[in-house]
Amino acid sequence: AVGRPRGICVAKHGNRSVTSNSGSSQVLQTLGVQLAVSPQTLTRCLDEAGICFCFAPRHHPAMKYAAPVRADLGFRTLFNILGPLTNPAGATRQVVGVFHKNLCKTLGQVLLNLGAQHAMVVHGLVPTGKGDHLAGLDELSTCGPSHVTQVQGGQLTSTQIDAADFGVSLSHPSALTADGPEQSAAMIRDIFAGEHGPARDIVTINAAAALVVADIAHNLGDGIALAAEAIDSGEAQRTLQTLADITTADPTPQ
């Protein structure tokens, strides 16, 4: 398909964020992507854009009863872990971020039991500015070390990695902070327009992880180079625009 030049595609599964002020669904909407689209449109997105966003309420309607409770609680619950395990695309290659390092191996074992071919469960660390205290990210960090459990060949391997080992400069957390979807969207637009810096670095290393589990990149260093190439060639921007165009044309009421 035209949207899969390397034979791979991305099916992102998500909901409206209740534990972040700038979740992926809100940012995509700000960038012009419609969320509540038909399965036929999702298939077209995968074929022509190489990516789709599977909006959880459209695929798991019973979750609408849990959403208000999660919003009222305002903190992470089991549902933050269940999401990646219920991807309607049936993905067997995944990069999954978790909010505590102790969950890396646990979730890795679950993915192994579910038949994952190649997956990474990641938890990144960032300094809080309070002595040696570290906070966590549910993605690879460019501000500190990251814990990674990899599922491959029916085996689990756990390690700690440092972005600097792959040529990525250490970032200050403040350079990656966004106050809301509008600011996050602006950062993405700047990256796609060619801006270099901490935001681009964290995007490329996490994109690299996806390329590794897809067996396109041999390691994170190779994946970072491929991700940078996709940005600098304009392909990343064209992909986003194609995704927005296809979903906007979907007749499903939003």
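## Strands and pairing

Strands (E, at least two residues) and helices (H or I, at least four) are DSSP runs, numbered from the N terminus. Two strands pair if DSSP finds at least two bridges between them.

This is a predicted model: local features need pLDDT of at least 70, side-chain atom pairs count only at pLDDT 80 or more, and totals for chains, interfaces and linings use all residues. Residues are numbered from 1 along each chain as its sequence is written, and side-chain values use heavy atoms, with hydrogens and water left out.

Strand E6 covers residues 145-152. Six of its eight residues are buried (under 20% relative accessible area; exposed is over 50%, partly exposed in between; 1.4 Å probe, protein chains only). E6 is therefore largely enclosed by the rest of the structure.

E6 runs antiparallel to strand E4 (residues 118-127), joined by seven bridges. Here Thr 149 in E6 stands opposite Val 121. E6 also pairs with strand E7 (residues 155-162), again antiparallel, over eight bridges. His 147 has Gln 160 in E7 as its bridge partner.

E6 and E7 form a hairpin. Two residues lie between them, and Gly 153 in the turn has a positive phi of about 60°.

## The aromatic pair

One aromatic pair turns up in a search of the whole structure. It joins Phe 53 and Phe 55, with 6.4 Å centre to centre and 35° between the planes. Rings of Phe, Tyr and Trp (its six-membered ring) pair if their centres lie within 6.5 Å; planes under 30 degrees apart are stacked, over 60 edge-to-face, and the rest tilted. This pair is tilted.
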